[in-house]
Amino acid sequence: MAENHQLSPWWSPARHADVRPFLAARGAITRATRAWFDEQGFTEVETGILQVSPGNETHLHAPRTELNRADGARAIRYLRTSPEFAAKKLLAAGEQKIFEFARGFRDRERGDLHLPEFTMLEWYRANASYDAVMADSIVIIAHAAQATGIGQFSFRGRIADPFAEPELMTMAAAFERFAGIDLLATIADGNGNRARLAAAARERVRITDDDTWSDIFSKVLVEHVEPNLGQGRLTVLFEYPVAEAALARAKASDPRVAERFEVYACGVELANGFGELTDAREQRLRFTQAMDEKQRRYGERYPLDEDFLDAVARMPEASGVALGFDRLVMLAAGAVRIDQVVWTPRAGEA
């Protein structure tokens, strides 16, 4: 009978030695990134992790805790899914260019590209278009590759040159090219027409009776579009349909789409950026609809951060980006799993 060997703990010298080169690369990328932001006149900030609301997206889930006040009263708080709410409050306070290496938390996520506790590199420019932060993203990714000396990114048989001119593609063009779907024809009055998209996508993805327009959109995106992005070079996917705007504003010249973009390398999403919405009424409506859908699907909802909505109405025009720093390090260090590039695994993991 073969002898069973229990895996040694992550802190054993032998196992740590295996990942030490990746961690050294992480340090080099962190230093290079900080230096670039400093050259650009950004201020590094540190925002609170415990929040009244962790974020109000339908499919993101946050750990919850209770705080005991001095008077014995209890207050429910959440570990944030991103630092976005706090960062925008700082923009309302008068900050102009800020960035943060922010610890984020998301329940129900674990895999080669997902961790329940992770690092998000997030930055904002007041009074700047989202083209500016789009360009920032490309520069930062190239700086990461330069810091490690890697010539190209590689993941699951796909490669991408981080120094090459990136491919720019609208979401509508991507759906047409990779799925043969006229995406904008399924959008009217700021909403997705489920029947139209279902008819267009029925030969491409499996559709169930309770799938919404957003569900069908996501299935096509994940199964047919994303695997083709970031092949040979980075891809910037932009002009998301307004029904998927999240916290982005609608594009003035075409209200069917939003000023939202994502950056991909080797089929891996690295960054998600917005031309920020500053209409508090519209933001409240989007959050409420998202929480109604979360309640329907998962039986839970998160409160709205009224302080944040007040700040949205007062903040300047701005653009911002959230970049998955662990994912960037993984690609730039030549790792194959995201847990190889973090100093310690999540609590309770060997």
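**Close-up views of a predicted model**

**View 1. Strand 2 pairs with strand 4.** Strand 2 and strand 4 (residues 74-79) are paired in the antiparallel sense over two bridges; two strands pair if DSSP finds at least two bridges between them. Strands are DSSP runs of E with at least two residues, helices are runs of H or I with at least four, and both are numbered from the N terminus. Glutamine 51 lies opposite tyrosine 78 in strand 4. The model is predicted: local features need pLDDT of at least 70, side-chain atom pairs count only at pLDDT 80 or more, and totals for chains, interfaces and linings use all residues. Residues are numbered from 1 along each chain as its sequence is written, and side-chain values use heavy atoms, without hydrogens and water.

**View 2. The open sheet has the strand order 2-4-3.** Three strands make up this sheet, and their pairing is antiparallel. At the edges are strand 2 (50-51) and strand 3 (64-68), each of which pairs on one side only.

**View 3. The chain has nine helices and 17 strands.** Along its principal axes, the C-alpha trace spans about 60 × 60 × 55 Å. Of the 350 residues, 49% are buried, that is, under 20% relative accessible area with a 1.4 Å probe, protein chains only.

Definitions and conventions
Buried < 20%, exposed > 50% of the residue type's maximum accessible area, 1.4 Å probe, protein only.
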